[in-house]
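Let's take a walk through this model together.

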Amino acid sequence: TKKEEGNTAFKAGQLDQAFALYSEALNIDPLNKSTNSKLYFNRATVLSKQKKLEESMSDCNKAIELDPTYAKAYLRRAKSYMDTEQYEEAVRDYETLYKMDKTNREYRNLLQDAKLELRKSKRKDYYKILGVERTANDEE
């Protein structure tokens, strides 16, 4: 199948080819929500590896629309939110994951990390405001 071909290309590090194959597979059966959710997630993973985080999040959104219980898509999107410093959105996704599986220690830890980053991001960074490095001395 196109999906399997995409997986093979992905494992071989052929990201552009994997993306194209997953995209082709999405056209095969537009009504198959389960498979298409996985295909969007796979494309999101490719995009994430290519550092195209906004596009990756967009494909995660589509995967989650098709399958609101797809934990991997929430994880991928939350990581992209963290990498783009969108901490409130990351916290929201990690909370969703934690509600899905309260016994998952990883989800709890990721949620705590995201909450910490969110709190830190709300602090005023006087170094940034003054335009100096954190290692600056009094004269600078």
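Glu-85 counts as exposed, at 58% relative accessibility. The terms are used like this: buried is under 20% relative accessible area, exposed is over 50%, and partly exposed lies in between, with a 1.4 Å probe and protein chains only. Before we go on, please keep in mind that this is a predicted model, in which local features need pLDDT of at least 70 and side-chain atom pairs count only at pLDDT 80 or more, while totals for chains, interfaces and linings use all residues. Residues are numbered from 1 along each chain as its sequence is written, and side-chain values use heavy atoms, with hydrogens and water left out.

Glu-85 is found in the loop between helix H5 (71–83) and H6. Helices here are DSSP runs (H or I, at least four residues), numbered from the N terminus. The phi of Glu-85 is near 60°, a positive value in a residue other than glycine. Lys-51 also has a positive phi, of about 65°, although it is not a glycine. You can find Lys-51 in the loop between helix H3 (33–49) and helix H4 (53–66), and with a relative accessible area of 69% Lys-51 is exposed.

Which residues line the largest pocket? Glu-85 is one of them, and the others are Tyr-87, Glu-117, Lys-120, Ser-121, Arg-123, Lys-124, Asp-125, Lys-128 and Arg-134. A pocket, on a 1 Å grid over the protein atoms alone, is an open set of points where a 1.4 Å probe fits, with protein on both sides within 12 Å along at least five of seven lines; lining residues have an atom within 4 Å of a point. The volume of the largest pocket is about 260 Å³, taken as the space filled by probe spheres set on the points, which are joined across faces, edges and corners. Helix H7 (residues 105–122) gives the most to this lining, with three residues. By type, the lining divides into eight charged residues, one polar and one nonpolar. In that count, Asp, Glu, Lys and Arg are charged, Ala, Val, Leu, Ile, Met, Phe, Trp, Tyr, Cys and Pro are nonpolar, and the others, Gly among them, are polar.

The largest nonpolar core has 30 residues, of which Ala-63, Ala-73, Met-82, Ala-90, Tyr-94 and Ala-114 touch the most other members. Such a core is a set of buried Ala, Val, Leu, Ile, Met, Phe, Trp, Tyr and Cys residues joined through side-chain atoms within 4.5 Å. The elements that give two or more residues to this core are helix H2 (15–28), H3, H4, H5, H6 and H7, and H2 gives the most, with six residues.

Met-82 and Ala-114 are 32 residues apart along the chain, and their C-alpha atoms are separated by 7.2 Å. In helix H3 you will find Leu-47, which is buried with a relative accessible area of 3%. From Leu-47 to Met-57 the C-alpha distance is 8.9 Å, and the two are ten residues apart in sequence.

Our last stop is Tyr-70, in the loop between H4 and H5. Is Tyr-70 buried or exposed? At 12% relative accessibility, Tyr-70 counts as buried. The charged end of Lys-38 sits over the ring of Tyr-70, 5.9 Å from its centre. For this, NZ of Lys or CZ of Arg has to be within 6 Å of the ring centre and within 35 degrees of the ring normal. Tyr-70 and Asn-104 are 34 residues apart in sequence and 15 Å apart in space, C-alpha to C-alpha.
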